[in-house]
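I opened the model today to look up a few residues and the overall fold. My notes follow in the order I checked things.

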Amino acid sequence: MKRNFSVLVSLGFLLFGCAGPEQNDESSRLIRIAQKARNSSNPEAALSFYKKAKELSPENSLVYLGIGEVYIDMKLLDAATEYLKLAENHGASPSRVSYLRGKVYLLSGRIDLAEKEFLKFENADSLNALGAIYDNKGQHEKAQSLYKRVIVKDPNYIDAYNNLGLSLLLERKYKDSIFYLESACSFPNANVNYRSNLALAYGMSGNIKKAREVYAKDFEDEALEERISNLEDIIAERQRQ
């Protein structure tokens, strides 16, 4: 089976924005629980807690932003659009709303509209997302300059290191790619996806032994061998290009 590799469009999901005037301690607690549920890939629980928070603080823009983000995760884009508008009406950060609206456009295949939204503000999320669009257009140097700007703005923005490493990998700049992917994997919140990208870079550079070591942090036995087999197929396909 032919297997291709591509840059992951890794968009940040940190929640920003100004809380509404009716925010109280209980609604703040519910929002924090909702965020944890969302980060744990439990959208139904996240929605439940956000809606409870909305009952307590109906003017709090963070509630509407949060619900909008959950609907984006669930690919319920019409509902997401509705809640982003509500967030905007309740005084949410314009840059945050614009970024999330761009993500809705991106998921619905309206790339040009997504690009326009990401160009409106120079925050880390929008610049990172814009870089991913340029990478997928084959404009790698342009994308890499944006990722580097994100890192300058926010040195802890893990997805910028990850996307920069993958962008360099597409150009076969293996040493630089591994440097940035190693940087991404050094963050405490790095997960299997980041490590798999690093393993891919090691494999593409010809260091299968190191790729195996990285994969072995998350996989073992048959699962590990399957990853190595997939990697070897990718390398073989790449060499034929």
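Predicted model: local features only at pLDDT ≥ 70, side-chain atom pairs only at ≥ 80, totals over all residues.

Is E115 buried or exposed? I find a relative accessible area of 14%, so E115 is buried. The cut-off for buried is under 20%. I then looked for a charged partner. The side chain of E115 forms a salt bridge with that of K137, at 2.8 Å from N to O. K137 has a relative accessible area of 40%, so I note it as partly exposed.

**L130**

Next I went to helix α7, where L130 is found. L130 has 4% relative accessibility, so it counts as buried. What does L130 touch, not counting residues up to four places away in sequence? I list E115, F118, L119 and L146. So E115, the salt-bridge partner of K137, is also a contact of L130, by the 4.5 Å heavy-atom cut-off. I also took one distance from L130.

**Q144**

I moved on to helix α8 (residues 140–153), which holds Q144. Q144 counts as buried, because its relative accessibility is 6%. Which side chain makes a polar contact with the side chain of Q144? I find S167, at 3.0 Å. I then listed the contacts of Q144, leaving aside neighbours within four places in sequence. They are L164, S167, L168 and E171.

**E171 and K173**

E171 came up among the contacts of Q144, and I followed it. Its side chain meets that of K173 in a salt bridge, 3.4 Å from N to O. E171 counts as partly exposed because its relative accessibility is 25%. K173 is partly exposed as well, with a relative accessible area of 35%.

**Other salt bridges**

How many salt bridges are there by this rule? I count 14. As a reminder to myself, side chains of opposite charge can pair when their charged atoms come close. I looked up one more pair, K210 and E213, whose side chains meet at 3.5 Å, N to O. Both sit in helix α12 (residues 208–215), and they are 3 residues apart, so about one helical turn separates them. K210 has a relative accessible area of 29% and is partly exposed. E213 is partly exposed at 39% relative accessibility. I also noted a network: E69, R96 and D125 are joined through salt bridges that share partners.

**Nonpolar core**

I turned to the largest nonpolar core, which has 74 residues. Which of its residues touch the most other members? I wrote down L65, I67, Y71, F118, L198 and Y215. Helix α3 (residues 61–73) gives this core its largest share, 8 residues. F118 was already in my list of L130 contacts. I then checked Y71. Leaving aside neighbours within four places in sequence, Y71 is in contact with L47, K51, L76, A79, A80 and Y83.

**Positive phi**

I searched for positive phi values outside glycine. S41 has a phi near 60°. It is placed in the loop between α1 (25–39) and α2 (43–56). S41 is exposed, with a relative accessible area of 65%. K75 has a phi near 65°. Its place is the loop between α3 and α4 (77–89). K75 is exposed too, at a relative accessible area of 54%.

**Whole chain**

I finished with the overall picture. The protein chain has 13 helices and 0 strands. A compact globule of 241 residues would have a radius of gyration near 18 Å; the chain has 20 Å, which agrees. Along the principal axes, the C-alpha atoms fill a box of roughly 60 × 40 × 35 Å. Buried residues make up 49% of the 241 residues. I took contacts between residues at least 6 apart in sequence; 55% of them join residues at least 24 apart. The chain exposes about 12,200 Å², and carbon and sulfur atoms supply 49% of that area.

How values were computed:
Residues numbered from 1 in each chain as written. Heavy atoms only, no water. Helix = DSSP H or I, 4+ residues; strand = E, 2+ residues; numbered from the N terminus. Buried < 20%, exposed > 50% of the residue type's maximum accessible area, 1.4 Å probe, protein only. Polar contact = N/O pair within 3.5 Å; in protein donor to acceptor, adjacent residues only side chain to side chain. Core = buried A, V, L, I, M, F, W, Y, C linked by side-chain atoms within 4.5 Å. Rg over C-alpha atoms; globule rule 2.2 N^0.38 Å. Areas by Shrake-Rupley, 256 points an atom, 1.4 Å probe, with all protein chains shown as cover. Salt bridge = Lys/Arg side-chain N within 4 Å of Asp/Glu carboxyl O.
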